Amino acid sequence: MNCYNHGDQVAVSQCRDCNKGLCDYCAHFYQIPLCISCNQLHIDYEKKKIKKEFFWTLVLGTITAATMFFLLITSEMPPDKTINDVYLRTLITFFVFAPIVPGWYALNSFGSNFKGFFLIFSLPGLFVFYALKVLVSIPVGLIALPIRFVRNAKRLKDLNAIPLEYS
Ligand SMILES: [Zn+2]
Ligand SMILES: [Zn+2]
């Protein structure tokens, strides 16, 4: 078999995903032997996952903060409360709810082995499981949010820098 990209070169490896032949040069282009089109799929998949996490973090934080802001300005304010208190509480609300998303993802990466235990109790057990997971996601997310944000931003930058053309 010859390299799919360099027809005159003997294939020393194969693409992990589609089994196309890869020469010595093409086999070491990425961490694992992959052809360009399969690597593009890997990159797209990873990018989509990262963007999804950014998006839902922002959406959840914004919706809950906007709701809190609306409730605060429509409710009767004590005379000693100022508009700055409203802004502060809105901001706090954002940082209580937004971390649920990265917290949730972080918990997922720890594995969901203990999920089976709750499945014994079927539907109510599953509801309790997810309710608990949301609650645990808040403190976990407070730590996970900055860590995952930096890590994901760096990964996105690295993914964009991966060359997708052979010479
Ligand atoms: Zn391939
Ligand atoms: Zn090649």
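The axes of helix 2 (residues 36-74) and helix 4 (residues 100-109) come within 8 Å of each other and cross at roughly 140 degrees. That angle makes helix 2 oblique to helix 4, since angles under 35 degrees count as roughly parallel, over 145 as roughly antiparallel, 65 to 115 as roughly perpendicular and the rest as oblique. Helix 2 contributes Glu-53, Trp-56, Thr-57 and Leu-60 to the contact, and helix 4 contributes Ile-100, Val-101, Pro-102 and Tyr-105; contact requires C-beta atoms, placed from the backbone, within 7 Å.

This is a predicted model, in which local features need pLDDT of at least 70 and side-chain atom pairs count only at pLDDT 80 or more, while totals for chains, interfaces and linings use all residues. Residues are numbered from 1 along each chain as its sequence is written, and chains are lettered from A and ligands numbered from 1 in the order in which they are written.

Helix 2 also meets helix 3 (residues 83-97), with axes that come within 8 Å and cross at roughly 150 degrees. Helix 2 and helix 3 are therefore roughly antiparallel. Among the residues making this contact are Leu-60, Met-68 and Phe-69 of helix 2 and Val-86, Arg-89 and Phe-94 of helix 3.

Pro-163 counts as exposed because it has 10 C-beta neighbours inside 10 Å (20 or more is buried, 12 or fewer exposed, in between partly exposed). The C-alpha atoms of Pro-163 and Tyr-30 are separated by 9.4 Å, although these residues are 133 residues apart along the chain.

Notes. Axes fitted to C-alpha atoms, helices over the stretch in contact; angles between N-to-C directions. Helix = DSSP H or I, 4+ residues; strand = E, 2+ residues; numbered from the N terminus. Contact = placed C-beta atoms within 7 Å.
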